[in-house]
Structures are given as structure tokens and as C-alpha cells.
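Open the model in your viewer and follow along, one selection at a time.

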Amino acid sequence: MAKQTYKKRVNNNRKPNNREFTPRDNGEKVEAITYTDGITVSELAAKIKKNSSDIIKLLFMLGKMMTINSPLDDENVELVCMEYGITATKEEARDDESLADDVVDNPEDLVERAPIVTIMGHVDHGKTTLLDTIRKTNVTAGEFGGITQHIGAYQVEVDGKRVTFLDTPGHEAFTAMRARGASVTDISIIVVAADDGVMPQTREAIDHSKAAGVPIIIAVNKMDKPGATSDKIKSDLAALDLMPEEWGGDTIYCECSAKTGMGVENILETILVVSEVRDLKANPNKLATGTVVEAKLDKGRGPVCTLLVQNGSLKHGDSIVVGSCYGKVRRMTNDKGEELKVASPSMPVEVIGLNEVPVAGDNFKAFESDKDARAIAAARNRTKIEKERRQTSAMSLDDLSAQIAAGDIQEVPVIVKSDVQGTAEAVASSLSKIDVDGVKVNIIRSAAGSISESDVILASVSHAVIYGFNVRPDANVRKKAQEENVEIRLHNIIYKAVEEMEAAMKGMLAPVYEEVVIGQAEVRKTYKVSKIGTIAGTMVTEGKLVRESKCRLIRDGIVIYTGKLGSLKRFENDAKEVLSGYECGLTIENFNDIKEGDIVEAYADQEVKVD
């Protein structure tokens, strides 16, 4: 008898019914509900007056594993409602304009806010050094070749008042990033080197500032050099409608030396005066809105983005929509790495808690409820996908028409991967501008993150070249690339990649040396020795390590340091080389920040014969 009962229960479990899954009657009968995209199990349970556990059980019997916080798609919502005899109607989420700060604040609610200052100008004219002098820290040392390749946002205190600085790269490649900087700024400082004069990127920076309608302060830098004068610069810029005050115009010129600090105090005082004239105000007592300055994917922390709060206050735990992404502010830190609970207007903060990596330049807005944030993000994501599909189709047809009209137009498909999204965008923009005898570069993917096997597969089917900036493929990715015959080119300075691509497209690429990876080792243990530094206990996982060879330290697919192997030991003895499968101890010259799990990659430059 017990066996028959058991059989009956098992058979009932195969096909759920109302009697088995309906919870205790609570006296409330629901006949119809409305829902929006991203509704969770707990929210649906509240709407249909049932227990979350009953819905989870029902979905489990249908082969779907869910928790109370799992979002439900349309099919699952309809299945649950059908089981309980309830009609479900989907509400359209609020439209794409919902991130705009369209609420007019009452004048009595407004308080003074910090000015947002953008430092712009030509490459190597001293923008980052000027900011470095202001911040009393060393930013330039961390940039390859002294060229700023990421956008930065920093807040400093000047005479008791806060000023937010955006340091946008000055290289021509970063037009889009610089345009984003000018679009959120209150005051634009354009740095011009006294020994170099007005350059193309200087004019470009002026155009962006004028388009943004913000006051311009000209910082004539490198005035410490012998014979340096600002007269020619004033004359050249006066021709661009930037007439100096002493010549009867309204543009302020400040002579300075970012290297020695001369004139920097005058620049700061000028910023405060201009901001007072502009009477910059915001309402801190409402939900925050603002702009994404930078975004990246951190393997340990997930999506990380730098947000600039432009109005309202962003609080820990707020639900936010950033472009087509959403999430809660799980952790918020300022530019000094200090954790914050509240970020007021004009404050740049690094935020963790989004579901995906947003695009730099996207707007963000905080919402009262997580439900609203999810629904709006889902609607924006659908709009984005539909737009991309339409663009892809249109572009394919346009390209096809162009090829028919112009004959045989060739293109070079390229995939770009970088450590941060802003650099990937700049690389893609630079490569896209190359046009050699009708041969064009076609960027088929541009994203932040390490080079993955999916990138290699995409490159294989589309016959593309992969360009990596400050990222390294691991052994599995390199092996996959060899199997698929996919070329991976790795760089850390953009203009060199552009020159290489241009030369290749002209048929003139004839490298004398080619980089060859000798081997890789995984760091299993680290030891601190006072006179030596950090000794890494490693296992050689591929190839071999050779003493005094060139090496890279790779962490989560990102190149942390490039240098040279120091000592190499097997047990107590020095070793010339250590083969795959063996353990060894090693040091890296002038570098001690080695951690467990890091990869040490040894490489050499091998001469290539040119036919």
C-alpha cells in the first residue's frame, strides 16, 4: 500500500496541478495582474497573493531552478499565472528618456557645488603634469611613454573649496573621450606649451570647449624654459577668437610651469573666480543623475565604473540605471580610495554593483526602487539591441552598394580588446580612420577585458586580426589562436599600432624582430626577503623560463609590469633555465608586487628574415 501511495505521489510530481501547489487559502482571490520586465519571484508572489516558496516549487517541478530574487521572463510569468488561473498583462516600461534630469529644481533647494574643470590640449604639452602638481601625486609615472591613455576624474581642495578635475588624454586618438569631457565640464583649461605653440589637437580642444559653451582658461605651460614667451601663443589664439583680456578680450591667459609649480596658484585662483561668476549650483536633496567617466571589467570585483555625480546625491544602496545596465551601489569610493556612503554633486566616485560594464559617456540615474531600475534598464537594452540590428543591416547593405559602385573594395576586420573601455574606443576610432588605396579597417568588436577564446573564434570566422592593449592572452587562448590561425598583435601605445597597421595595409610591413613567448609560470607562493625583495615560488606551466630573459607579470589577463627576470633558482642552486612541469623560485628586477595566482611570462625578440 505504501508503495502504491509513493507511486501516485511521483506521478503527480510529473505534472503539477493547482491542488498540489496552491498554498493555504488566505481568503484573497486574484484574477488579473500587470507586470513589467525583470519581475522577480518575490514580487510576482506578492502580486498574486501566494507564497514565494510555492512558486519556486512550481517552477522547480517544471525544470526551472529559481530563487526569490530571480528575475522571470515572460514565459515563466505566464506559466505561473496560468497554473493559478490568473490573467497576466505585461506593462511597457518607461521610455528611453527616463534617465534625463528633466525636473526643474526650486531656487531655494539649490546650493553651491564644486566646479568641474576639464584639462585639455595637445599631446605632451603638460596636462597631466599640471594636474600632478595640483594633486601633489605622481600620475604621469603610470602612463606608457608619459602619454595619458585613460580618462581620470579627481577632486582637490583649493582655499577650502572643492574643485573636480577631468584629465582627458591629449593625443589625437582620444577625440571621443575629450568630447565627453567637454560635455560635462563647467570650465575648460587648455594647456599650450610655450616652446611648441598651437597644434592641431589644441584647436580641436578649443572647438569642443566652444561647442560645450563653457569659459576657457589658457594655461601657457613650460614658461621655465629659456626664451619662453606667450606672445606668439596669444597672437595665434586671438585668431581663433580667444582674445586675451589685456588685449581687450575676455579670455584669461595664465603663464605657468607645471614642472616647477610656477603660476599654478594663479590658475587655481582663476578657476575659483570664474566658478563664482558662473554661480554653479545643484540640488543635493534628490536622487542622483550624472555621467559615466570610465568603465572596466575587474575579474575580482566585476563591473567597475567611475561616475561623475552632476545633480542630486548618490547613496550607498541606491538602485541605479547606467545606460542599459542596472544595479545597486554596493561599494562607492572616491579618487583616494576612501569608501563613501554619500556622493554629493560634482563628486567623481568609483562604483561597484552593476550587472554589466556600461559605456563611458552614458548617463546614469538613481531610482526609488530596484523594480523601476530593472524595468527601465531592460527597456533601454531592448532599444539598444534593436538599434544595433538596424545599424548592422543598413551598414551591410551600404557596404555592399559601395563595393558594387567602387569595384573591389577590401577591408581589414579587426577585434580590439583593452584593459579599459575608453582605450578600446580610442583604438577602434584611430584604426577606423586609416584608409589606404581603398582598403579600410572594419572594427567588428571593441570591448574592455582580457582576450578570450570567444574573441579568437569570432576572429577565425570573420578572418580578423586581434589587437590587444595592456592585456595578454593566456596559454589556452594562445593555443586556440594557433589552431585557428588567428593573429594577435599586442601593444601599449596607440600610435605605434596605427603606424603598424598603416604600413601593413600599404604592403610595406617588414618587421625585423618578432616577439616569441618562451614560457609561462604560475605563482604559487610568495616570500618577502628584506635585502632581495619578493621571491615568487612558481610552477612552470608552459615552455621554459630562462634567467635574465624579458618577462611580463600578468594578473587576471592584464599586464601589470614588463621587465626582466632577476634570479632563477631550483631549490638552493642557481638555474640557467627551468622547463615545464618543474617548480622554481624567481625574482623580477625592480618589481616586488607579486601575488599568488599571477602569471610570469618570459619572452624574447627573435629576428625574422625579410624576403
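Select helix 8, residues 200-212. Its 13 residues reach 19 Å from the first C-alpha to the last, close to the 18 Å expected at 1.5 Å a residue. That expected span is 1.5 Å times one less than the number of residues. Helices (H or I, at least four residues) and strands (E, at least two) are DSSP runs, numbered from the N terminus.

This is a predicted model: local features need pLDDT of at least 70, side-chain atom pairs count only at pLDDT 80 or more, and totals for chains, interfaces and linings use all residues. Residues are numbered from 1 along each chain as its sequence is written, and side-chain values use heavy atoms, without hydrogens and water.

Stay on helix 8. Which of its residues are buried? They are Gln201, Thr202, Glu204, Ala205, Ile206, His208 and Ser209. Buried means under 20% relative accessible area (1.4 Å probe, protein chains only). Step on to Gly213, which follows helix 8 and has a positive phi, near 70 degrees.

Next, the largest nonpolar core. It has 25 residues. Such a core is a set of buried Ala, Val, Leu, Ile, Met, Phe, Trp, Tyr and Cys residues joined through side-chain atoms within 4.5 Å. Select Val163, Phe165, Ile189, Ile267 and Ile271, which have the most contacts inside this core. Helix 10 gives the largest share, six residues.

Zoom in on Val163. Among the residues it touches are Tyr154, Val156, Ile271 and Leu272, leaving out those up to four places away in sequence. Contact means heavy atoms within 4.5 Å.

Last, color by pLDDT, the predictor's confidence in each residue, from 0 to 100. The protein chain averages 80. Over residues 1-25 the pLDDT is below 50.

Terms used:
Buried means under 20% relative accessible area, exposed over 50%, partly exposed in between (1.4 Å probe, protein chains only).
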